[in-house]
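Please keep the sequence and the structure in view while reading.

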Amino acid sequence: MEGSSLRHWKVIPILLITLQFTTNMVLSLADAPFDKQRNIEYIKSSCSSTTYPRLCYRSLSIYANKIKTSPRLLVDTALNVTLKASKSTSRLMVKISRIHGLRPRVAAAMADCIEVIGDSVDELQQSIEELGHISRSNFALTMSDIQTWVSAALTDEDTCMDGFAGKSMNGNVKTMIRKRIVKIAHLTSNALALVNNYASTQSNLP
């Protein structure tokens, strides 16, 4: 009889722990849809200040669970999305440049574009690396550097597009390249807007 009572009292704490764990799980699952919607709304609101808000929202909303409502993570994700697109475009241009039979003007514009987009990739990478080392003590200086680099990346992309301007550049290659460059220029413009917002509204650690 005494042994039965002892077993009974040992079971009670286990049941209480199980009940608490289950309750926490239920509450967590109940909060999940609200958290996700809040994260989505944060991205939508942040993107409204960019030049291309629809592209901004479309490119970042899939990372809502990672970004949450963090301005630093928002900027970091925007820069990484832009960097990925820039690298992809750079690889495509290198492949096209190796095609035999390109008109001299197209080949020259392609070579220039490969160089400046390479510079853009470097500048975006520098920005991401610096963002990873940001702190309260170096916030203003670091953000100033990032603004400079992202602005330079946008200028490089505009330079590339200028190289494919003019009627003499008509053709499938021009259409393909300009479409890709326009997209990364828009992504960079959006990233720069988010960087500027972060720099102007944050005075503490992210």
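In this predicted model, lysine 68 has a relative accessible area of 49% and therefore counts as partly exposed. The category covers values between 20% and 50%. Lysine 68 lies in the loop between helix H3 (64–67) and H4. Its backbone deserves attention as well: phi of lysine 68 is near 55°, a positive value in a residue other than glycine.

The secondary structure of the protein chain consists of seven helices and zero strands, and from the N terminus on the elements run α-α-α-α-α-α-α. Of the 206 residues in the protein chain, 35% are buried. Among the contacts in the protein chain with a separation of 6 or more, 74% are accounted for by residues 24 or more positions apart.

Two individual residues illustrate such packing. Serine 46 belongs to helix H1 (residues 2–47). Because its relative accessibility is 14%, serine 46 counts as buried. When its neighbours within four places in sequence are left aside, serine 46 is in contact with Leu74 and Leu194. Serine 46 and threonine 69 are separated by 23 residues in sequence, and their C-alpha atoms are 9.8 Å apart in space. Threonine 89, for its part, is located in helix H4. At 1% relative accessibility, threonine 89 also counts as buried. Apart from its neighbours within four places in sequence, threonine 89 is in contact with Arg180, Ile181 and Ile184.

How do H4 and H7 pack, and at what angle? The angle is about 160°, and the axes of H4 and H7 are 9 Å apart. H4 and H7 are therefore roughly antiparallel to each other, since angles over 145 degrees fall in that class. H4 passes H7 in a left-handed crossing. By class, the contact of H4 with H7 comprises 20 nonpolar, five polar and two charged residues.

Helix H7 (residues 172–201) also packs with helix H5 (residues 104–131), here at an angle of about 25° and with axes 12 Å apart. H5 and H7 are therefore roughly parallel to each other, as angles under 35 degrees count as such. The crossing of H5 and H7 is left-handed. On the H5 side, the residues that meet H7 are Val106, Met110, Cys113, Ile117 and Leu131; on the H7 side, they are Val173, Ile177, Ile181, Ile184 and Tyr198. The residues of this contact of H5 with H7 divide into ten nonpolar, no polar and no charged.

Helix H6 (residues 139–163) remains to be described. The buried residues of H6 are Phe139, Thr142, Met143, Ile146, Val150, Ala153, Leu154, Asp156, Glu157, Cys160 and Met161. These buried residues of H6 pack against helix H4 (71–97), H5 and H7.

Read together, these descriptions return to H7: H4 and H7 are roughly antiparallel, H5 and H7 are roughly parallel, and H7 is one of the helices against which the buried residues of H6 pack.

Notes: Residues numbered from 1 in each chain as written. Predicted model: local features only at pLDDT ≥ 70, side-chain atom pairs only at ≥ 80, totals over all residues. Heavy atoms only, no water. Axes fitted to C-alpha atoms, helices over the stretch in contact; angles between N-to-C directions. Helix = DSSP H or I, 4+ residues; strand = E, 2+ residues; numbered from the N terminus. Parallel < 35°, antiparallel > 145°, perpendicular 65-115°, else oblique. Left-handed = near helix turned anticlockwise from the far one by under 90°. Contact = heavy atoms within 4.5 Å. Nonpolar A, V, L, I, M, F, W, Y, C, P; charged D, E, K, R; others polar. Buried < 20%, exposed > 50% of the residue type's maximum accessible area, 1.4 Å probe, protein only.
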